[in-house]
Amino acid sequence: MQTVSENRCFGGTQGVFTHASQACSCDMTFGLFLPEEAQYQPVPVLWYLSGLTCTHENAMVKAGAQGWAAEQGIALIFPDTSPRGEGVANDEAYDLGQGAGFYVNATQDPWAPHFRMWDYVAEELPALVGKEFALDMERQGITGHSMGGHGALTLAMNLPGRFRSVSAFAPIANPTQSDWGKKQLGAYLGDTGWDKHDATLLMEANGFDGPVLIDQGGSDQFLDLLKPEALAQAMMARRQDGTFRMQKGYDHSYFFVSTFMEDHVAFHAEALHA
């Protein structure tokens, strides 16, 4: 692992690191914010998974999360959204290939050799950061935006006991029924294995063994692709411990994310410090 940069931030440190990933067979980059408390003791962890076209950097510089995390004594991890580099498959479309890993393990060519983002986020990166930094890996929460909201919800519901809390900003909520899903799941997985990557189907089948918070902008330009109503209905039918909020007038941008970031960090802090 190599340090790309470290900057003082709200009393703590915002770092960027690269490492050789076995899961993705390439070098991967991630951001990590450590609050001041990490100098003295292991701190809880909140994962933030980003959306289409993003890298580790977008939320790190636009979401405004570090100040709220510093107040709560929580670390933030910002993984990249896909493998990158020479020899890594890509597509001319913004919603497939590099920047659009969808947090799945691809089984189809040309994606299979590198696009193993599920293993990377679920196993490899947690093992690395847990070993190298002062993190309490028994206290983890996860959140994300858009494609990252999809990833956060599916990881949380597929890995019972791993995360104490899960939240999402405008998640791709029902990808098996959306063009933001059918295209990517078909390309990466072929005809099988889709259900474990659909938050609505997972909510119907399993739910989550902790609290859930969903924020969706009421003026989101991608509402028809996100299908939030399917997830809201599934949460209601299961009587899931959670809150689904439609935020009037907000769109899909980081202005929306940053507006409600304080709420999400506080939501996770309540679970992580319980």
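In this predicted model, the side chain of Arg-139 makes a polar contact with the side chain of Asp-136, at 2.7 Å. Arg-139 belongs to strand S6, which covers residues 135-144. Its relative accessible area is 19%; because the cut-off for burial is under 20%, Arg-139 counts as buried. Beyond its neighbours within four places in sequence, Arg-139 is in contact with Pro-42, Pro-44, Val-45, Arg-164, Leu-272 and His-273.

A second polar contact between side chains involves Asp-80 and Arg-84, again given as 2.7 Å. Asp-80 is placed in the loop between S5 and H3. With a relative accessibility of 4%, Asp-80 is buried. When residues up to four places away in sequence are not counted, Asp-80 touches Met-28, Thr-29, Cys-54, Thr-55, His-56, Tyr-103 and Met-117.

Strand S8, residues 212-217, contains Leu-213. This leucine is also buried, with a relative accessible area of 6%. Leu-213 touches several residues that lie beyond four places away in sequence, namely Val-166, Ser-167, Ala-168, Thr-243, Arg-245, Asp-263, His-264 and Phe-267.

| Residue | Location | Relative accessible area |
|---|---|---|
| Arg-139 | strand S6 (residues 135-144) | 19% |
| Asp-80 | loop between S5 and H3 | 4% |
| Leu-213 | strand S8 (residues 212-217) | 6% |

The report now turns to the helices. Helix H2 spans residues 65-72, and its buried residues are Ala-65, Gln-66, Gly-67, Ala-69 and Ala-70. What covers these buried residues of H2? The cover includes strand S1 (2-9), strand S2 (12-21), strand S3 (26-34), helix H1 (57-62), strand S5 (75-79) and helix H9 (254-272). Just after H2, Gly-73 adopts a positive phi of about 70°.

Helix H9 packs against H2 at an angle of about 30°, and the axes of the two helices are 9 Å apart. Angles under 35 degrees count as roughly parallel, and H2 and H9 are therefore roughly parallel to each other. Their crossing is right-handed. On the H2 side, Ala-65, Trp-68, Ala-69 and Gln-72 take part in the contact, and they meet Met-261, Glu-262, Val-265, Ala-266 and Ala-269 of H9. Sorted by class, this contact of H2 with H9 holds seven nonpolar residues, one polar residue and one charged residue.

Another helix pair is formed by H3, residues 117-132, and H4, residues 147-158. These helices pack at an angle of about 60°, with axes 12 Å apart. This angle makes H3 oblique to H4. The crossing of H3 and H4 is right-handed. Which residues of the two helices meet? Trp-118, Val-121 and Ala-122 in H3 meet Thr-154, Leu-155 and Asn-158 in H4. In terms of class, the contact of H3 with H4 has four nonpolar residues, two polar residues and no charged residues.

Notes: Residues are numbered from 1 along each chain as its sequence is written. This is a predicted model: local features need pLDDT of at least 70, side-chain atom pairs count only at pLDDT 80 or more; totals for chains, interfaces and linings use all residues. Side-chain values use heavy atoms; hydrogens and water are left out. Axes are lines fitted to C-alpha atoms, for helices over the stretch in contact, and angles run from 0 to 180 degrees between N-to-C directions. Angles under 35 degrees count as roughly parallel, over 145 as roughly antiparallel, 65 to 115 as roughly perpendicular and the rest as oblique. A crossing is left-handed if the near helix is turned anticlockwise from the far one by less than a right angle, and right-handed if clockwise. Contact means heavy atoms within 4.5 Å. Ala, Val, Leu, Ile, Met, Phe, Trp, Tyr, Cys and Pro count as nonpolar, Asp, Glu, Lys and Arg as charged, and the others, Gly among them, as polar. Buried means under 20% relative accessible area, exposed over 50%, partly exposed in between (1.4 Å probe, protein chains only). A polar contact is a pair of N or O atoms within 3.5 Å; within protein, one must be able to donate a hydrogen and the other to accept it, and residues adjacent in sequence count only if both atoms are side-chain atoms.
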